[in-house]
Amino acid sequence: MAGVKLHGTWYSPFPYRVIWALKLKGISYEYIEEDLSNKSPLLLQYNPVHKKIPVLVHSGKPICESMIIIEYIEEKWPQTPLLPSDPYERAKARFWVKFFEEKAPAIWPLYRSTGEEQKKALKDSLEMLKIVEEQGLGEKKFFGGESIGIVDIAFGVIAHWFGVFEEVVEVKVLEAHAFPRLHAWKENFEEVPVIKENLPDRDKMLDYFKKRRMEILSASQ
Amino acid sequence: MAGEVVLLDCWPSMFGMRVRIALAEKGIKYEYKEQDLKNKNPLLLEMNPINKQIPVLIHNGKPVCESLIIVQYIDEVWNDKSSLLPSDPYQRAQARFWADFVDKKVYGASRKVWSTKGEEQEAGKREFFEILKTLEVELGDKPYFGGETFGYVDLSFITFYSWFQAYEVFGNINIEVECPKIIAWAKRCLQKESVAKTLPDQKKVYEFVAQMRKRFVSE
């Protein structure tokens with residue numbers, strides 16, 4: 001367990017995925033906050049291709065991309081498994097992770113734009129949520145079944161960050177009556193102790209994302 | 001482990017080819033079903049209702065979708081021979097990273113090369129070569145991305161080689177001049193039976209792309 005370091009930013013959902021995985025497995029780590037407007041030489045050395053966080057550094061060796069980091073953590077520390085053991089179920093879990101990775105970027109323009117672009121982002125977000133609601137979760141409490149797994153962790157953005165975005169742009173997307181299963185999942189997810197104890201402060205996030213949205217919108221004018 | 005294996009695919013798909021190479025590497029017998037994507041049949045829509053895309057592997061009636069997820073599934077189920085992913089977790093993470101890089105970057109840039117013209121195409125060409133050069137650096141002096149043996153990253157990228165003639169003709173580019181190591185690596189991969197038997201002839205792909213290009217570009 002020696003020498004596990006996580007480079008991240010306090011407001012981004014992606015390092016939190018890694019934090020949740022590490023905490024669920026009881027792995028101690030050192031957290032290093034990165035300033036993305038002034039990327040450290042160490043970050044650029046560890047992730048020269050994408051220059052992004054999170055980066056997990058284990059015994060000096062870097063691993064990049066949050067979901068790839070989680071598969072690494074799962075293989076290195078098999079306790080409290082995050083993936084099913086059956087290959088078919090694993091393929092299904094990986095499918096939903098990929099689905100989210102591909103469709104989630106539709107959420108960002110909801111927050112980063114206005115007008116037509118924002119309307120399209122709203123439409124795309126609703127479509128994505130509908131598919132997850134109807135075909136992803138089913139009657140299960142969590143995507144992982146009775147306890148959270150890799151898909152729940154991937155979808156964690158929806159649980160905490162999405163609500164903040166909704167408040168910032170003053171548009172309600174994930175409404176309980178339209179998405180009863182996802183809504184219930186969100187509440188259950190945030191009650192899981194490891195998740196509850198490892199989320200960025202909501203007010204601080206609201207403040208940060210409000211400021212950022214104003215900066216982005218004024219820069220684009 | 002055995003059981004019935006069916007592959008829903010389209011012959012020119014570089015994603016479908018990845019699965020075909022993996023099946024060949026493992027010596028798995030399967031039924032190949034060519035799909036018409038302009039007229040999707042009920043089986044495809046039933047097996048991949050969310051993305052409605054190929055490839056789809058159907059193993060004992062159960063569908064697995066997304067080419068790299070299918071390849072990992074094949075590696076886990078038929079784990080007695082020809083490992084596609086490394087066994088060391090750190091090496092596996094690196095392999096997943098680079099296959100993910102290929103997935104995220106190569107298709108998008110290459111698409112601009114063959115389906116656009118003018119400034120958009122020029123930008124696409126620059127992007128395409130930037131990506132290939134990044135891959136060249138990662139390959140270094142190794143025979144394969146996987147090291148001494150053909151592996152997951154090689155499999156994820158080699159399938160694009162069948163489209164290189166199309167990129168070169170429509171993009172008016174010469175990949176060997178810009179990225180000689182990539183071409184040398186590709187030719188090395190083609191010496192493997194599983195790759196040589198899977199990759200369609202570049203000319204055949206070029207003719208297919210020529211038809212598709214007409215839908216995007218008026219010339």
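## Domains of chain A

Chain A is assigned two domains, domain 1 (4–76) and domain 2 (87–219). The model is predicted. Taken over C-alpha atoms, the centres of domain 1 and domain 2 of chain A lie 21 Å apart. Their contact draws on 15 residues from domain 1 of chain A and 22 residues from domain 2 of chain A.

## The interface between the two domains

Domain 1 and domain 2 of chain A bury about 1800 Å² between them, and carbon and sulfur atoms give 74% of this area. On the side of domain 1 of chain A, the most area is lost by Trp10(A), Tyr11(A) and Trp20(A), which together give 38% of what that side buries.

Between domain 1 and domain 2 of chain A there are 2 salt bridges. Arg17(A) and Glu101(A) are joined by a salt bridge between their side chains, with an N to O distance of 3.0 Å. Polar contact between the two domains of chain A is counted for 6 residue pairs, both residues being at pLDDT 80 or more. In domain 1 of chain A, helix 1 (13–24) and helix 3 (66–76) each supply at least two residues of the side that touches domain 2 of chain A. Helix 1 of chain A contributes the largest share of that side, 9 residues. By class, this side of domain 1 of chain A has 11 nonpolar, 1 polar and 3 charged residues.

## Surroundings of helix 3 of chain A

Helix 3 of chain A is largely enclosed by the rest of the structure, because 9 of its 11 residues are buried. Among the buried residues are Met67(A), Ile70(A), Tyr72(A) and Glu74(A). The buried residues of this helix pack against helix 1, strand 3 (55–58), strand 4 (61–64), helix 4 (87–103) and helix 7 (150–154) of chain A, and also against helix 4 (89–115) of chain B.

## The interface between the chains

Contact between the chains involves 27 residues from chain B and 25 residues from chain A. The two chains bury about 2400 Å² between them, with 66% of it on carbon and sulfur atoms. In chain B, Ile50(B), Tyr90(B) and Phe97(B) lose the most area to chain A, together 27% of what that side buries.

Chain B and chain A are linked by 8 salt bridges. Lys104(B) forms a salt bridge with Glu65(A), where the closest N and O atoms are 3.0 Å apart. Strand 4 (62–65), helix 3 (67–77) and helix 4 of chain B each give two or more residues to the side that touches chain A. Helix 4 of chain B gives the most, with 13 residues. That side of chain B divides into 14 nonpolar, 4 polar and 9 charged residues.

Key. Residues numbered from 1 in each chain as written. Chains lettered and ligands numbered in written order. Predicted model: local features only at pLDDT ≥ 70, side-chain atom pairs only at ≥ 80, totals over all residues. Heavy atoms only, no water. Domains from an automatic or database assignment. Contact = heavy atoms within 4.5 Å. Buried area = accessible area lost by both parts, 1.4 Å probe. Salt bridge = Lys/Arg side-chain N within 4 Å of Asp/Glu carboxyl O. Polar contact = N/O pair within 3.5 Å; in protein donor to acceptor, adjacent residues only side chain to side chain. Helix = DSSP H or I, 4+ residues; strand = E, 2+ residues; numbered from the N terminus. Nonpolar A, V, L, I, M, F, W, Y, C, P; charged D, E, K, R; others polar. Buried < 20%, exposed > 50% of the residue type's maximum accessible area, 1.4 Å probe, protein only.
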